[in-house]
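Here are my notes on this model, as numbered points. Have the structure open while you read.

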Amino acid sequence: MSNGSFPPEPGRRGGTLAIVLAALIPACFAGWLLWSSVGGAKDDGAGGAGGTGAPTTSSTSSPPPPSSGASGASGASGVSGAPSPSGKASGDAPGEASGKTLKGKVVVIDPGHNPHNRDHPSQISRSVDIGTEEKECDTTGTATNSGYPEASFTLDVARRARTLLEARGATVRFTQDGDRPYGPCVDERAEIGNKAHADAVVSVHADGAAAGERGFHVILPKSVRGGGADTSAITAPSRHLGERLLDRFERATGSEPAQYIGDGSGLDVRGDLGGLNLSTVPKVFIECGNMRDSQDAAELTDAAWRGRAARGITQGITDFLNE
């Protein structure tokens, strides 16, 4: 009992209750009519919380922020490092999304020359048929003025590219991995790609032009037919491959296309290379720079730059095979 109150007399209890009920019932009825008229009990049929005034969430709207004490809950929007809707992490270069798989693709990488060629001069100097003429089996390649061999450069870049290509699902084969006494000869290099039914072949080189001549270029097969050579079916796809390599290599390394060859376009068409003449699958050569120029040589001998070169080659191949 509250302080200062007294219990009602027994005879008056029933009458008081009746008076209270008579006053309450009309008021409750009026309140119910008002609540109904503003749609408080309306169901919009979309799973919303009827009558609460809370917004509904459709399949295209952003999820609500986590409640206090739930920061760090998985799946919360805006968490640092979370993938974008495309699945590509922010900062990826265009075309480098993980969705560009090379699964089922065969890529042959041809590291130019062989570190052991110099020990077998008579074998690599013998003539082989390249379809339109005969040329020497292979050469030792060039070198920087400080003695860094082209054959060492090509193997390093090729191995880096192989790692990247295999990570994308490609089957990668080499013409040589420093594991042969010499060669293979240029005709066998072409045959390795042909027998592999390669989707793309890239022969990695570095040029030996005059000092002061800088830049890289991509060599494309000329349309030739003669003897065992017939490139008519591969010239167009090889050009597409070469164009993709040119674009990606320039972007990855910051190098510019050579001005001393190919009219400065970065593309050179040749019909005197057995590795191209005898190929029946899309194939190009890339001369990654001029080993006899001091500025280019500084890049070619830098491991970090060779890593970028491998990424450029990898992405060029990836773009071509995903066309």
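1. F249 and W305 are both buried (under 20% relative accessible area; exposed is over 50%, partly exposed in between, with a 1.4 Å probe and protein chains only). Their ring centres sit 6.0 Å apart with the planes at 80°, so this is an edge-to-face pair. F249 belongs to helix α5 and W305 to helix α8 (residues 303–321), so the contact ties together parts 56 residues apart in sequence. For the record, rings of Phe, Tyr and Trp (its six-membered ring) pair when their centres lie within 6.5 Å; planes under 30 degrees apart are stacked, over 60 edge-to-face, the rest tilted.

2. A word on the source: this is a predicted model, where local features need pLDDT of at least 70 and side-chain atom pairs count only at pLDDT 80 or more, while totals for chains, interfaces and linings use all residues. Numbering runs from 1 along each chain as its sequence is written, and side-chain values use heavy atoms, with hydrogens and water left out.

3. The whole structure has 2 aromatic pairs. F216 and F249 make a tilted one, 4.7 Å centre to centre with 50° between the planes. F216 is in the loop between β5 and β6 (217–221) and F249 in helix α5, so this pair links parts 33 residues apart in sequence. F216 has a relative accessible area of 0%, so count it as buried. F216, F249 and W305 form one aromatic cluster.

4. Where does R162 lie relative to F174? R162 is over the face of that ring, at 4.1 Å from the centre of F174 (the test for a charge over a ring is NZ of Lys or CZ of Arg within 6 Å of the ring centre and within 35 degrees of the ring normal).

5. Now the backbone. Most residues other than glycine have a negative phi, and most peptide bonds are trans. H197 has a positive phi, near 50°; this residue is in the loop between α4 and β5 (200–207) and is exposed at 63% relative accessibility. D263, with phi near 55°, is in the loop between α5 (235–253) and β9 (267–270); D263 is exposed too, at 83%. Helices (H or I, at least four residues) and strands (E, at least two) are DSSP runs, numbered from the N terminus.

6. Please also look at the peptide bond between G183 and P184: it is cis, with omega about 10°. P184 is in the loop between β4 (171–174) and α4 (186–195).
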